[in-house]
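Dear colleague,

Please find the structure below, handed over for your review. My notes on what was found in it follow.

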Amino acid sequence: MSKTFDGKVVAVDGVTLDIAAGEFFSLLGPSGCGKTTSLRMIAGFEMPDAGRVHVGGQDITDVPVHRRDMGMVFQSYALFPHRTVVQNVAFGLRMRDVPRADIDRRVAAALAQVALTGMEDRRPSQLSGGQQQRVALARALVIEPRVLLCDEPLGALDRKLRQQMQFELKELQRRLGVTLVFVTHDQEEALAMSDRIAVMNRGRVEQVGAPTEIYGRPRTRFVADFIGEINLLEEAGKPRALRPEKIQLVPPAQARLSGTVETANFLGGATLYRVQAGGRIWLARETHAGERSPRSPGDPVGLAWNDADIVTLES
Amino acid sequence: MSFGVDRSIDLRHDTICMAAASHRPSPIAWLIAPAVLLFVLFFVLPFAVMAMMSVYSGNPVTNPNAYPTTRHYERFIFDTAGIFHDALWATLRIGLVTTVISLLIGYPLAHWMARMHSRLGHALALTAVIAPLLTGIVVRTFAWMTILQDKGVINTTLMSWGVIHKPLPLMYNEFGTVVALVHIYVPFMVLTLIGVIGRIDERLEQAARSLGAGRIRAFVEVTLPLSLPGILAGSLLVFALSISAYVTPSLMGGTEVLTLPMLIAQQVGTSFNPNFAGALGVVLLLVCLVIVIAYNRILARLSGEQGLA
């Protein structure tokens with residue numbers, strides 16, 4: 001599908017995504033790469049200029065938003081401020097004319113699912129960010145959508161809470177078996193949660209694959225550079241890439257290249273070094289086994305790696 | 001004061017600290033002095049004089065024989081002439097109709113403008129809304145007279161087309177008065193509503209739609225209730241302005257329309273009875289006051305119910 005804005009800016013350019021039922025699928029890319037526009041086309045808020053949207057073999061391109069049966073979680077949660085938690089969650093069921101008793105039962109179940117029992121009569125403004133996030137999730141899930149769409153749902157949470165919600169969301173998605181399309185610019189988040197990731201750049205899909213594949217075998221320079229840290233090399237006119245953790249720091253005598261430590265960033269479980277060697281900067285990550293303290297800037301080090309770990313990128 | 005403490009836990013403590021801090025007068029508090037002066041000089045003082053006059057038989061400053069009396073209020077309440085109550089009802093009726101029509105015209109316009117993505121479009125629409133305010137009320141009322149009078153644009157056109165044979169009574173009645181008042185006060189409604197509607201997150205309506213509400217249902221369930229404070233504020237403003245309007249009803253209403261402000265002007269200007277005019281002024285103000293209090297009550301209840309406070 002494609003989408004142009006104002007006839008000039010191409011937001012999404014020939015994106016084809018095949019998302020399997022029950023899959024946790026992420027759209028990952030920098031801001032302005034078209035991931036949100038793609039999601040909004042799936043939701044029905046934007047009409048593709050070209051291309052179709054199919055769900056379960058059914059063409060839904062011309063189906064209006066409110067008949068698509070898709071749950072959506074917004075970055076800002078978009079909770080109704082004038083309604084209580086219960087009223088927020090019950091909204092979708094009410095729109096579907098579900099009988100009162102069923103609504104009560106299903107809302108209670110949904111709130112239990114996201115551990116919000118006891119918060120029923122609060123207003124969104126009386127909840128913490130994480131709780132609001134859960135209400136938004138319960139509100140989208142209670143309608144038992146065919147697809148759950150999430151637009152950077154964890155973006156507004158602090159790091160610790162975000163990590164916890166990553167676990168919870170993934171766990172919930174697996175338990176319910178719902179197909180989830182997740183938009184994020186946070187590569188760690190996408191790697192941690194997804195079954196498969198589509199990395200997008202400038203309206204196009206650069207690569208689709210499982211997290212290990214995307215990380216370990218990036219196809220393009222953009223993917224290699226965007227996901228994690230990487231050393232981009234040029235060998236025989238071809239772009240290549242080598243992950244920092246594939247470089248070992250060894251005594252200069254056993255090294256393929258020797259140089260000096262420029263900076264050492266202590267990351268807790270590992271240290272990320274910038275090493276000046278062979279006329280360029282190399283990134284090398286060393287995990288801390290044992291008590292050895294990190295090297296300091298200025299220390300001489302040798303770099304070693306296995307040629308099999310070098311990935312050749314498309315030029 | 002607490003610093004860097006988890007807000008969710010320490011909210012109450014924070015609030016207390018903030019309340020305590022707000023007792024200290026701000027160093028720039030004196031900046032409101034001009035406003036206070038203006039308010040006292042041109043509202044409190046004149047109103048005190050007017051209220052005083054309304055309970056005296058004459059001007060107690062110039063006339064030593066003036067004595068306190070309630071006869072002006074009695075005259076209004078018992079209304080033997082049979083025109084004062086009519087004037088009050090006409091005033092309220094014109095105010096109410098003007099407010100409702102302004103709301104019906106203003107709300108869709110304000111909603112459209114608040115949701116407009118094009119900056120240029122928004123600027124142009126805003127200019128169009130504000131432009132009439134740059135022309136004086138008298139000028140705009142005269143413009144309406146040239147359009148609505150018996151030999152005005154509408155009537156001559158319709159008659160030349162043979163649609164009608166004698167002019168439609170478009171002015172010198174409440175209809176013409178309301179038309180002109182709506183034109184004059186719609187900008188106030190629109191400007192009030194734009195602010196409120198513009199602050200409602202568009203994604204709320206999108207969320208409602210993704211949950212199964214059609215566009216209209218999403219509007220009714222989400223945007224409309226959230227814009228109630230704006231609807232109330234805009235209506236209050238337009239109502240207060242139209243029941244106190246003088247120029248437009250007197251020019252557009254002719255002899256058919258008599259509102260309280262016109263009656264007051266008559267009492268001062270032609271009947272030389274400033275004391276009775278004072279009583280009428282107090283009545284008009286009381287009516288306004290009752291409505292403002294009712295408005296505040298309703299708003300407070302809505303805010304309490306909807307957590308909008």
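Predicted model: local features only at pLDDT ≥ 70, side-chain atom pairs only at ≥ 80, totals over all residues.

The loop between α3 (71–78) and α4 of chain B contains B:D79. Its phi is near 45°, a positive value in a residue other than glycine. B:D79 counts as buried, because its relative accessibility is 9% and the cut-off for buried is under 20%.

**A nonpolar surface patch**

Chain B also carries a nonpolar patch on the surface, formed by B:I32, B:V36, B:F39, B:V40, B:F43 and B:V44. Together these residues have about 520 Å² of accessible area. One of them, B:V44, belongs to helix α2 (residues 33–54) of chain B. With a relative accessibility of 38%, B:V44 counts as partly exposed, since that class lies between the limits of 20% and 50%. As a general point, an α-helix has 3.6 residues a turn, so residues three or four places apart point the same way.

B:S235 is located in helix α11 (residues 228–243) of chain B. A polar atom of the B:S235 side chain lies 2.6 Å from the backbone oxygen of B:I231. The relative accessibility of B:S235 is 15%, so this serine counts as buried.

**Chain A**

Turning to the other chain, the secondary structure of chain A consists of eight helices and 18 strands. Its C-alpha atoms fill a box of roughly 75 × 45 × 30 Å, taken along the principal axes. Chain A has 315 residues, of which 50% count as buried.

One residue of chain A deserves a separate note. A:Y77 is placed in the loop between β6 (70–73) and α2 (85–95) of chain A. The phi of A:Y77 is near 70°, again a positive value in a residue other than glycine. A:Y77 counts as buried because its relative accessibility is 5%.

With kind regards

Key. Residues numbered from 1 in each chain as written. Chains lettered and ligands numbered in written order. Heavy atoms only, no water. Patch = residues over 30% accessible without salt bridge, like charges linked within 9 Å, V, L, I, M, F, W, Y side chains within 5 Å. Areas by Shrake-Rupley, 256 points an atom, 1.4 Å probe, with all protein chains shown as cover. Salt bridge = Lys/Arg side-chain N within 4 Å of Asp/Glu carboxyl O. Helix = DSSP H or I, 4+ residues; strand = E, 2+ residues; numbered from the N terminus. Buried < 20%, exposed > 50% of the residue type's maximum accessible area, 1.4 Å probe, protein only. Polar contact = N/O pair within 3.5 Å; in protein donor to acceptor, adjacent residues only side chain to side chain.
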